[in-house]
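Hello,

Here is the structure I promised to pass on. Please open it next to this email and follow along.

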Amino acid sequence: MREKRAACALALGLLTLGLFGCAVKAGTAPELLEPVGVRMDTEAVVRGEIAEWRAYDAFVVPETTELFLTQSGEIQEICVQLGEEVEAGQVLLRLDVEAERERIAQIDQELAYLETDNALTLEQMQLDIDLCKYQMEDDNRDYKAGGEREALKENELRALEAALEQETARQALEKEQLLRERETLAARVAASELAAPQGGRVVYLAEVANGAVAQSGQTLVVLAREDALQLRSDYLTEAEADAADEVVAWIGGERVPIEYAAMDTDEYVARLLAGEELDAGFTFPEGAPAQAKAGDYAAVILKTVVREDALLVPPESLFRDGGETYVYRVVDGERVRTEVEAGYRSVNAAEIVSGLAEGDVVYVP
């Protein structure tokens with residue numbers, strides 16, 4: 001992007017000239033005496049906004065999406081090729097999860113068996129409890145209540161009821177463990193396919209083959225949407241963009257609003273560690289210009305307001321003599337050297353802190 005710096009400066013100059021009333025006038029330092037009859041170029045001192053402008057080289061690029069799996073595993077099938085156009089929902093890559101599928105089928109069989117076997121076990125234990133209660137009632141009819149035999153039966157009944165409660169809890173725990181295992185396996189199966197979240201062109205495909213192990217979080221496919229454009233510019237931070245009063249792009253002679261797209265922290269760190277050159281991303285909140293296409297050069301412009309109600313003159317109307325700053329104020333057609341105190345200067349305006357008043361006219365070489 002560095003070779004485009006001159007073009008970026010030109011875009012900045014065009015933008016600032018278009019947005020600010022004081023035009024830049026090129027020229028050399030004036031002679032103190034003008035030939036008779038030669039008209040002097042002048043500008044009135046005005047009140048207005050003075051701002052700092054910074055420009056960054058940029059290019060229009062298609063919006064890209066990095067795709068990765070959320071689990072590691074052995075690759076069973078790569079379903080796309082580099083450069084291929086894909087549709088939303090299309091499977092791009094699959095992991096081998098045959099073992100998980102087999103275990104799910106086995107768990108389903110175990111659950112079906114337990115459903116029947118456990119029910120029979122609980123039914124039999126309940127019958128034992130009912131029989132014990134019947135025997136206790138029968139004994140009470142033939143013998144007097146109380147005594148050692150009744151105490152033994154009561155202990156037997158409590159033991160049977162406790163066993164039923166324990167078996168019920170054991171069966172519930174066994175079923176819960178199997179269902180939890182099945183849920184985990186089903187999630188692995190569901191996450192084993194990498195599908196396209198939207199249509200686009202495959203512009204990156206990891207160098208992996210069937211049978212290789214793909215790591216969780218590893219970028220495997222990058223999709224580009226040529227119908228959804230964004231900007232990539234020379235690097236600037238999100239804080240710099242947020243601090244600006246205005247952030248716009250200059251594309252094909254058109255001023256376009258843009259928004260900073262923050263880089264993912266992991267990507268930022270990875271690129272730093274890899275020694276890659278950093279850049280910044282911007283989106284078009286109102287849509288990319290109709291004439292814009294991928295590969296077009298652009299300029300990202302940051303505007304920071306320095307003063308909102310300043311006295312302004314063209315910067316070339318200021319002169320210096322030693323430590324003194326002065327202008328030539330035009331009075332009755334004559335130039336009067338007037339000392340001034342200057343403040344901030346931008347590429348197309350200079351702030352006057354003292355020495356002039358709004359409406360004064362100054363000589364501009």
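Below are my notes on salt bridges, a charged patch and the cysteines.

One caution before the details: this is a predicted model.

**Salt bridges**

How many salt bridges does the structure hold? The count is 27. Side chains of opposite charge can pair when their charged atoms come close.

Start with Lys-175 and Glu-115. Their side chains meet in a salt bridge, at 3.8 Å from N to O. Lys-175 sits in helix H3 (residues 148-190) and Glu-115 in helix H2, so this pair ties together parts that are 60 residues apart in sequence. Lys-175 is partly exposed, at 40% relative accessibility. Glu-115 is exposed, with a relative accessible area of 53%.

Next, go to Glu-176 and Arg-180. Here the closest N and O atoms of the salt bridge are 2.6 Å apart. Both residues lie in helix H3. They are four residues apart, about one turn of the helix. Glu-176 is partly exposed, with a relative accessible area of 40%. Arg-180 also counts as partly exposed, at 44% relative accessibility.

Then find Glu-351 and Arg-307. They form a salt bridge, with the closest N and O atoms 3.2 Å apart. Glu-351 lies in strand S19 (residues 350-354) and Arg-307 in strand S14 (residues 297-313), so the pair ties together parts that are 44 residues apart in sequence. Is Glu-351 buried or exposed? At 9% relative accessibility, Glu-351 counts as buried, because the cut-off for buried is under 20%. Arg-307 is partly exposed, at 40% relative accessibility.

**A negative patch**

Which residues form the negative surface patch? They are Glu-74, Asp-96, Glu-98 and Glu-102. Of these, Glu-102 is found in helix H2, which covers residues 98-142.

**Cysteines**

A disulfide is a covalent bond between the sulfur atoms of two cysteines. How many disulfides does a search of the whole structure find? The search finds zero. Cys-79 is partly exposed, at 23% relative accessibility. Cys-132 is buried, with a relative accessible area of 1%.

Best wishes

How values were computed. Residues are numbered from 1 along each chain as its sequence is written. This is a predicted model: local features need pLDDT of at least 70, side-chain atom pairs count only at pLDDT 80 or more; totals for chains, interfaces and linings use all residues. Side-chain values use heavy atoms; hydrogens and water are left out. A disulfide is a pair of cysteine sulfur atoms within 2.5 Å. Buried means under 20% relative accessible area, exposed over 50%, partly exposed in between (1.4 Å probe, protein chains only). Patches are made of residues with over 30% relative accessible area and no salt bridge: like charges are joined within 9 Å, nonpolar side chains (Val, Leu, Ile, Met, Phe, Trp, Tyr) within 5 Å. Accessible areas come from the Shrake-Rupley method with a 1.4 Å probe; for residues, only the protein chains shown count as cover. A salt bridge is a side-chain nitrogen of Lys or Arg within 4 Å of a carboxyl oxygen of Asp or Glu. Lys and Arg count as positive and Asp and Glu as negative; His and the chain ends are not counted. The place of a charge is taken as NZ of Lys, CZ of Arg, CG of Asp or CD of Glu. Helices (H or I, at least four residues) and strands (E, at least two) are DSSP runs, numbered from the N terminus.
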